[in-house]
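Please read it with the sequence and the coordinates at hand.

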Amino acid sequence: MSGSGSPAATLVGRFLVAAPSMPDERFQKSVVFLCKHDEDGALGIIVNNKVDDLPLGQVYKQLGIEVSPAAAERPVLFGRPVETARGLVLHSADYKREETLLIEGGMALTASLEILRDMAGGSGPKHAWLALGHSGWAPGQLDREMQDNAWLVVDGDVELVFDVDFAAKW
């Protein structure tokens, strides 16, 4: 058995904002919404970086799902750099499936084809981003990066997560 008894304070539902001195160029000027943070590590989605030339409609087309023109134009996030071929949907907590991870502050994360079908059909969450890939940290890794002042922690804000002005988020 390891550990000091009390786990570090969880950062779930908060933003990690890359400090100007961020040493890892993959995360420079990134704003990461943290979805999971426990003794197994951490998982987050970068919410201020979209995949260029890949509107949501193109993803739906590849999956054979019909979608409205308005939804088709929505950008897709580049959640980065882990499992970039895997899609995760970061969304408002008004939608829940069995596999949905509920996050403090009215957010949720779902990785299934069904949520994409529901979104296309109009029965999905009120707010949602499809992210390709995610940001992941091994146990203790994020805590070390925090001690090295690589990240600033900011309280979560649903409106900011779903704001389409990507450049202004950082």
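This is a predicted model: local features need pLDDT of at least 70, side-chain atom pairs count only at pLDDT 80 or more; totals for chains, interfaces and linings use all residues.

Residues are numbered from 1 along each chain as its sequence is written, and side-chain values use heavy atoms, with hydrogens and water left out.

**Aromatic contacts**

- Rings of Phe, Tyr and Trp (for Trp, the six-membered ring) are taken as a pair if their centres lie within 6.5 Å, and planes under 30 degrees apart are called stacked, those over 60 edge-to-face and the rest tilted; by this rule the count comes to 5 aromatic pairs.
- F15 and F33 form an edge-to-face pair, with 5.7 Å from centre to centre and 70° between the planes; the pair links distant parts of the chain, since F15 is in strand 1 (residues 14-18) and F33 in strand 2 (residues 31-38), 18 residues apart.
- Helices (H or I, at least four residues) and strands (E, at least two) are DSSP runs that are numbered from the N terminus.
- F15 is buried at a relative accessible area of 1%, and F33 also counts as buried, with 1% relative accessibility; buried here means under 20% relative accessible area, exposed over 50% and partly exposed in between, with a 1.4 Å probe and protein chains only.
- The rings of F27 and W151 make an edge-to-face pair, because their centres are 5.6 Å apart and their planes stand at 70°.
- F27 lies in the loop between strand 1 and strand 2, and W151 in strand 10 (residues 151-155), so this pair ties together parts that are 124 residues apart in sequence.
- F27 is buried at 6% relative accessibility, as is W151 with a relative accessible area of 4%, and F27, W137 and W151 form one aromatic cluster.
- A charge is said to sit over a ring if NZ of Lys or CZ of Arg is within 6 Å of the ring centre and within 35 degrees of the ring normal; the charged end of R74 sits in this way over the ring of W129, 4.2 Å from its centre.

**Nonpolar core**

- A nonpolar core is a set of buried Ala, Val, Leu, Ile, Met, Phe, Trp, Tyr and Cys residues joined through side-chain atoms within 4.5 Å, and in the largest one, which has 20 residues, F33, L90 and V161 touch the most other members.
- Strand 2 gives the most to this core, with 3 residues.

**Cavity and pocket**

- On a 1 Å grid over the protein atoms alone, a cavity is a set of points where a 1.4 Å probe fits but cannot get out, whereas a pocket is an open set with protein on both sides within 12 Å along at least five of seven lines, and lining residues have an atom within 4 Å of a point.
- Grid points are joined across faces, edges and corners, and a volume is the space filled by probe spheres set on the points.
- The structure holds 1 cavity of 30 Å³ or more, and the largest cavity has a volume of about 30 Å³.
- Helix 4 (141-147) gives the most to the lining of the largest cavity, with 3 residues, and the residues that line this cavity include H37, D38, W137 and L142.
- The largest pocket has a volume of about 220 Å³ and is lined by 16 residues, of which V59, L63, G87, L116 and L130 lie nearest its centre.
- Strand 6 supplies the largest share of the lining of the largest pocket, 4 residues.

**Single residues**

- D53 has a positive phi of about 60° although it is not a glycine; D53 is placed in strand 4 (residues 50-55) and is exposed, with a relative accessible area of 72%.
- N149, in the loop between helix 4 and strand 10, likewise has a positive phi, near 60°, and counts as exposed at 54% relative accessibility.
- K36 lies in strand 2 and is partly exposed at 30% relative accessibility.
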